[in-house]
Amino acid sequence: MKASPTLTNNLQAVLVDLIELHIQGKQAHWNIVGTNFRDLHLQLDEIVDAARLFADDMAERMRALHALPDGRSSVVAESTSLPAFPEGLINTKDAIDKIVAAMEAAVATMRKVHDEVDEEDPTTADLLHEFISKLEQFAWMVQAENMKATASVTTPDVD
């Protein structure tokens with residue numbers, strides 16, 4: 001099978017978000033300070049490892065479909081849908097909010113392209129399912145660091 005231009009563009013959008021998630025995760029990992037530093041530091045490593053693996057899986061799937069992945073830093077910076085991550089030190093509470101927002105943005109891209117991907121290549125849609133499931137689990141676990149016990153299931157109350 002050869003990917004259509006639409007499928008290629010959709011997979012490229014996912015790829016750049018996964019690369020950016022990896023980069024932002026490392027930025028946070030190196031610069032967080034504050035309460036629960038060690039726990040968040042270790043959680044960020046898990047997220048970074050997953051994002052790198054997912055990006056590699058996506059790029060290799062693109063090549064299997066005769067599409068050309070583009071992970072150059074300039075392309076990632078120009079085309080990611082993730083909000084920018086701040087420079088410098090960042091306290092754990094703010095880092096949690098930023099990383100959760102980044103994971104949610106990456107998942108939103110995957111959900112946005114999912115139906116078109118599934119229509120052309122259900123096998124690649126299965127990869128998206130795996131990525132979405134794991135990133136949503138990470139987002140829940142990281143966000144729980146800032147949640148209060150009074151939070152409802154649908155609306156997390158954060159400090």
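Helices (H or I, at least four residues) and strands (E, at least two) are DSSP runs, numbered from the N terminus. The model shown is predicted: local features need pLDDT of at least 70, side-chain atom pairs count only at pLDDT 80 or more, and totals for chains, interfaces and linings use all residues. Residues are numbered from 1 along each chain as its sequence is written, and side-chain values use heavy atoms, with hydrogens and water left out.

View A. The angle is about 65°, although H66 is not a glycine. H66 belongs to the loop between helix 2 and helix 3 (73-79). Its relative accessible area is 51%, so H66 is exposed (buried is under 20% relative accessible area, exposed over 50%, partly exposed in between; 1.4 Å probe, protein chains only). Helix 2 itself has 28 residues. From first C-alpha to last, helix 2 reaches 40 Å, close to the 40 Å expected at 1.5 Å a residue (the expected span is 1.5 Å times one less than the number of residues).

**View B. N36 has a positive phi without being a glycine.** The value is about 60°. N36 sits in the loop between strand 1 (32-33) and helix 2. At 39% relative accessibility, N36 is partly exposed.

**View C. F54 and F131 form a stacked pair.** This is the one aromatic pair that the structure holds. The ring centres are 4.5 Å apart and the planes lie at 25°, so the pair counts as stacked (rings of Phe, Tyr and Trp, the last by its six-membered ring, pair if their centres lie within 6.5 Å; planes under 30 degrees apart are stacked, over 60 edge-to-face, the rest tilted). F54 comes from helix 2 (residues 37-64) and F131 from helix 5 (residues 122-143), so the pair ties together parts that are 77 residues apart in sequence. Both F54 and F131 are buried.

**View D. The charged end of K134 sits over the ring of F138.** The distance to the ring centre is 4.9 Å (the test: NZ of Lys or CZ of Arg within 6 Å of the ring centre and within 35 degrees of the ring normal).

**View E. Helix 4 carries a cap and a bend.** N91 caps the N-terminal end: a side-chain oxygen of N91 lies 3.1 Å from the backbone nitrogen of K93 (a polar contact is a pair of N or O atoms within 3.5 Å; within protein, one must be able to donate a hydrogen and the other to accept it, and residues adjacent in sequence count only if both atoms are side-chain atoms). Helix 4 bends by about 50° at H114 (the angle between axes fitted to the seven residues ending there and the seven starting there). How far apart are the end C-alpha atoms of helix 4? They are 41 Å apart. At 1.5 Å a residue, the 29 residues of helix 4 (residues 92-120) should span 42 Å, so the two values agree.

**View F. M110 is a buried residue of helix 4.** Its relative accessible area is 1%. M110 is in contact with V14, L18, L128, F131, I132 and L135, leaving aside neighbours within four places in sequence (contact means heavy atoms within 4.5 Å). F131, one of these partners, also belongs to the stacked pair of View C. M110 and I132 are 22 residues apart in sequence, yet 7.2 Å apart in space, C-alpha to C-alpha.

**View G. T109, also in helix 4, is buried.** The relative accessible area is 10%. T109 touches A13, V14, D17 and S81, not counting residues up to four places away in sequence.

**View H. Helix 1 is mostly covered.** Of its 27 residues, 19 are buried. Helix 1 (residues 5-31) reaches 39 Å from first C-alpha to last, close to the 39 Å expected at 1.5 Å a residue.

**View I. D115, D49 and A84 are exposed.** D115 lies in helix 4, with a relative accessible area of 57%. The C-alpha atoms of D115 and A125 are separated by 8.1 Å, ten residues apart along the chain. D49 is in helix 2, at 51%. D49 and A13 are 36 residues apart in sequence and 19 Å apart in space, C-alpha to C-alpha. A84 is in the loop between helix 3 and strand 2 (90-91), at 70% relative accessibility. A84 and E60 lie 24 residues apart in sequence and 26 Å apart in space, again C-alpha to C-alpha.
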